[in-house]
Amino acid sequence: MTGIIILVILIILALWILASCVRIVPQAYAVVLERLGAYQATWDTGIHFKLPFIERVARKVNLKEQVVDFPPQPVITKDNVTMQIDTVVFFQITDPKLFAYGVENPIMAIENLSATTLRNIIGDMELDETLTSRETINTKMRASLDVATDPWGIKVNRVELKNIIPPAAIQDAMEKQMKAERERRESILIAEGEKRSTILVAEGKKQSAILDAEAEKQAAILRAEAQKEKMIKEAEGQAEAVLKVQQATAEGLRMIREAGADNAVLTLKSLEALERVADGKATKIIIPSNIQGIAGLAASLQEIVKEEE
């Protein structure tokens, strides 16, 4: 009975040892295998077998990209301003063997290395340059850390400055400077707006004056044209009236000539015209020099009329 129990125990122990010799490595992981304390191999994804009691799994390594957020580190700028800066490092293990045997505590090593590298970079920059050169600082830190971590089997993919915290006095001064700068920009914008408004008003008045002058010019031209047309029509009317008078006079002379009027009739017509002139309101009347002949002719005509009666 004791022998059976011992046999069962041995079988169970053998099965447990065999089971422990089988290892399944999941995706994105690697296993460092040692034989008798020395590095033997690196197992990738899949099922693997090891020799019992001789080989052992030294370290299981995560090959995914990892993120480490380091606490704020005090740094001093070139112009002697102390500030707090915390960094975020993105890294990935590329060589499990170097990672397992390169450094005792890789994360602590990266943290201390990032702090010293950050102090060296910020020490060559002034405060204003530090606040506006995040990308430059990130690039320099990533390059320095990547070179330093290569012997550890670690590749640093990115380094980001999470926060830059200057002293309270500096923050207050920066806020006042920002406020003054904004007020200055506001004043400049207001002045520019007033300037543009004045220019636009002046341009509007100029255009209005030009349009008024053009309108006055056109109005004067139209008035002159109208006056010209009026004068032309009046002249045409007068010419037509004179023409009609002349035509009537010519017609009268023609009728008198056809009627056979002699000099006596013409003289009488002249006297009638003289009478009408005398009946006017003129203060001066010019009598022709041959008025006596005309008067004598009138007397003779009167005598002839009396004899006929």
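A salt bridge here is a side-chain nitrogen of Lys or Arg within 4 Å of a carboxyl oxygen of Asp or Glu. The model is a predicted one, in which local features need pLDDT of at least 70 and side-chain atom pairs count only at pLDDT 80 or more, while totals for chains, interfaces and linings use all residues. Residues are numbered from 1 along each chain as its sequence is written, and side-chain values use heavy atoms, with hydrogens and water left out.

**Salt bridges**

By this rule the count comes to ten salt bridges, and the table lists three of them, including the one between Arg142 and Asp146.

| Pair | N to O distance |
|---|---|
| Arg142 and Asp146 | 3.8 Å |
| Lys176 and Asp172 | 3.5 Å |
| Arg184 and Glu181 | 2.5 Å |

Helices (H or I, at least four residues) and strands (E, at least two) are DSSP runs, numbered from the N terminus. Arg142 and Asp146 are separated by about one helical turn, because they are four residues apart in helix α5 (residues 134-149). In helix α6 (residues 168-259), Lys176 and Asp172 are likewise four residues apart, about one turn of the helix, and Arg184 and Glu181, being three residues apart in helix α6, are also separated by about one helical turn. Salt bridges that share partners join Arg142, Asp146 and Lys155 into one network.

How covered these side chains are can be stated with three classes: buried means under 20% relative accessible area, exposed over 50%, and partly exposed in between (1.4 Å probe, protein chains only). Asp146 is buried, because its relative accessible area is 13%, whereas Arg142 counts as partly exposed at 28%. Arg184 is partly exposed, with a relative accessible area of 44%, and Glu181 is partly exposed at 25%.

**Strand β2 and its partners**

Strand β2 (residues 29-35) is mostly covered, since five of its seven residues are buried. Two strands pair if DSSP finds at least two bridges between them. With strand β5 (residues 55-62), β2 pairs in the antiparallel sense over seven bridges, and in β5 the bridge partner of Val31 is Lys60. With strand β3 (residues 38-43), β2 pairs in the antiparallel sense over five bridges, and Val32 stands opposite Thr42 in β3. The strands β2 and β3 form a hairpin with two residues between them, and Leu36 in the turn has a positive phi of about 55 degrees.

**Surface patches and a loop residue**

Patches are made of residues with over 30% relative accessible area and no salt bridge, where like charges are joined within 9 Å and nonpolar side chains (Val, Leu, Ile, Met, Phe, Trp, Tyr) within 5 Å. A nonpolar surface patch of about 430 Å² is made by Ile6, Leu10, Leu13 and Trp16. Leu10 lies in helix α1 (residues 2-20) and is partly exposed, with a relative accessible area of 49%. A negative surface patch is formed by Asp79, Glu126, Asp128 and Glu129. Asp79 is found in the loop between β7 (73-76) and β8 (82-93), and counts as partly exposed at 34% relative accessibility.

Is Phe70, by contrast, buried or exposed? Phe70, which lies in the loop between β6 (66-69) and β7, is buried, because its relative accessible area is 3%. The C-alpha atoms of Phe70 and Ile85, 15 residues apart along the chain, are separated by 9.4 Å.

Definitions and conventions. Accessible areas come from the Shrake-Rupley method with a 1.4 Å probe; for residues, only the protein chains shown count as cover. Lys and Arg count as positive and Asp and Glu as negative; His and the chain ends are not counted. The place of a charge is taken as NZ of Lys, CZ of Arg, CG of Asp or CD of Glu.
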